[in-house]
Amino acid sequence: METGKKYSQFISSLPDQVKILAVSKTKSDEEILELYHLGHRDFGENYVQELIGKYERLPKDIRWHFIGHLQSNKVKYIAPFVHLIHSVDSLKLLSEINKQALKNNRIISVLLQCYIGNEETKFGLEPEFIHDILKNLNSSSFENVQIAGFMAMGTNTEDENIIRNEFHEMKILFEACKKYNSELVILEILSMGMSSDYRIAIENGSNLIRIGSLIFGERNYSKKN
Ligand SMILES: *Cc1c(COP(=O)(O)O)cnc(C)c1O
């Protein structure tokens with residue numbers, strides 16, 4: 001009940017162009033189903049094992065997003081069904097996703113995770129490298145991935161100006177990189193903002209916010225669901 005109410009209030013407060021990814025890591029099937037029954041279909045998970053279990057048990061029309069750090073050797077487990085991988089932070093990973101997508105006879109949509117000066121998250125591609133990747137991507141080598149946009153995490157700080165600057169930089173990068181749009185690159189999604197900073201993210205052009213605790217309540221890592 002609680003979760004459904006928080007969710008409904010929350011979505012009614014958002015601008016139309018902004019979509020919510022419900023981040024359901026550590027949350028139970030029942031909590032996910034509560035949102036599902038309200039019509040929500042996009043859920044985000046950080047851990048491959050947890051995602052596979054939920055995929056197998058829960059309704060098949062859920063769109064599962066992978067948002068955690070992804071090791072190349074685990075791509076094969078999620079490749080058959082994953083809807084969008086937000087956390088592509090190396091060419092090696094992109095190439096493995098392409099390979100597994102080919103094996104599954106599908107195209108997998110991905111976001112490039114950008115590093116925007118966040119000291120705590122060591123993952124993410126530097127902006128210059130993102131330009132390089134997009135510029136040099138050639139369709140003969142990567143036929144089974146589609147780069148649909150970028151993901152970024154703001155620094156975990158009380159200082160909103162720092163976060164605002166980071167998200168603003170992301171927006172500039174996002175717009176600048178649209179010149180690389182092609183068959184493989186269709187930059188449409190800017191995945192920025194979590195429970196603590198989603199407002200700043202929306203002000204700076206985010207159109208997909210990743211919300212966990214604000215909908216589901218605080219996560220409890222010690223107790224397994
Ligand atoms: C856990 C997580 C979120 C959601 O965090 P909340 O603060 O609970 O909203 C968003 N994005 C990523 C990458 C996460 O790991």
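These are my notebook entries on what I looked up in this structure, which is a predicted model.

**Entry 1: aromatic pairs**

I searched the whole structure for aromatic pairs and got four. I noted Phe 43 with Trp 64, a tilted pair at 6.0 Å centre to centre, with 45 degrees between the planes. This pair links distant parts of the chain. Phe 43 sits in strand 2 (residues 42–45) and Trp 64 in strand 3 (residues 63–66), 21 residues apart. I then looked up accessibility. Phe 43 is at 0% and counts as buried. Trp 64 is at 1% and is buried as well.

I also took down Phe 150 with Phe 174, an edge-to-face pair. The centres are 5.9 Å apart and the planes make 70 degrees. Phe 150 belongs to strand 6 (residues 145–152) and Phe 174 to helix 7 (residues 160–177), so the pair ties together parts 24 residues apart in sequence. Both Phe 150 and Phe 174 are buried.

**Entry 2: charges over rings**

Which residue lies over the face of Tyr 36? I found Arg 41 there, 3.7 Å from the ring centre. At Tyr 55, the charged end of Lys 60 sits over the ring, 4.8 Å from its centre.

**Entry 3: helix 1**

I listed the buried residues of helix 1 (residues 2–12): Thr 3, Gly 4, Tyr 7 and Phe 10. Viewed down the helix axis, they fall within an arc of 135 degrees, so they line one face of helix 1. The general rule I had in mind is that an α-helix has 3.6 residues a turn, so residues three or four places apart point the same way. On the face turned away from the buried side I noted the exposed residues Glu 2, Lys 5, Gln 9 and Ser 12.

What do the buried residues of helix 1 pack against? I wrote down strand 1 (19–23), helix 2 (29–37), helix 8 (198–203), strand 8 (208–211) and helix 9 (213–216).

**Entry 4: cysteines**

I searched the whole structure for disulfides and found zero. Cys 114 is in no disulfide, and the nearest cysteine sulfur, that of Cys 177, is 7.7 Å away. The cut-off is 2.5 Å between the sulfur atoms. Cys 114 is buried at 3% relative accessibility. Cys 177 is buried too, at 0%.

**Entry 5: nonpolar cores**

I looked up the largest nonpolar core and found 64 residues in it. Ile 85, Leu 134 and Phe 150 have the most contacts inside this core. Helix 7 supplies the largest share, six residues. Apart from this core lies another, of eight residues, among them Ile 67, Leu 84, Leu 111 and Met 151.

I followed up Ile 85. Leaving out residues up to four places away in sequence, Ile 85 touches Phe 66, Leu 70, Ile 78, Ile 97, Ile 108, Ser 109, Val 110 and Leu 111.

**Entry 6: Val 110**

Val 110 was next on my list. I placed Val 110 in strand 5 (residues 108–114). Is Val 110 buried or exposed? Val 110 counts as buried because its relative accessibility is 0%. For Ile 147 I noted the separation: 37 residues from Val 110 in sequence, 5.1 Å in space, C-alpha to C-alpha.

Terms used
Residues are numbered from 1 along each chain as its sequence is written. This is a predicted model: local features need pLDDT of at least 70, side-chain atom pairs count only at pLDDT 80 or more; totals for chains, interfaces and linings use all residues. Side-chain values use heavy atoms; hydrogens and water are left out. Rings of Phe, Tyr and Trp (its six-membered ring) pair if their centres lie within 6.5 Å; planes under 30 degrees apart count as stacked, over 60 as edge-to-face and the rest as tilted. Helices (H or I, at least four residues) and strands (E, at least two) are DSSP runs, numbered from the N terminus. Buried means under 20% relative accessible area, exposed over 50%, partly exposed in between (1.4 Å probe, protein chains only). A charge sits over a ring if NZ of Lys or CZ of Arg is within 6 Å of the ring centre and within 35 degrees of the ring normal. The arc is that of the directions from the helix axis to the C-beta atoms. Contact means heavy atoms within 4.5 Å. A nonpolar core is a set of buried Ala, Val, Leu, Ile, Met, Phe, Trp, Tyr and Cys residues joined through side-chain atoms within 4.5 Å.
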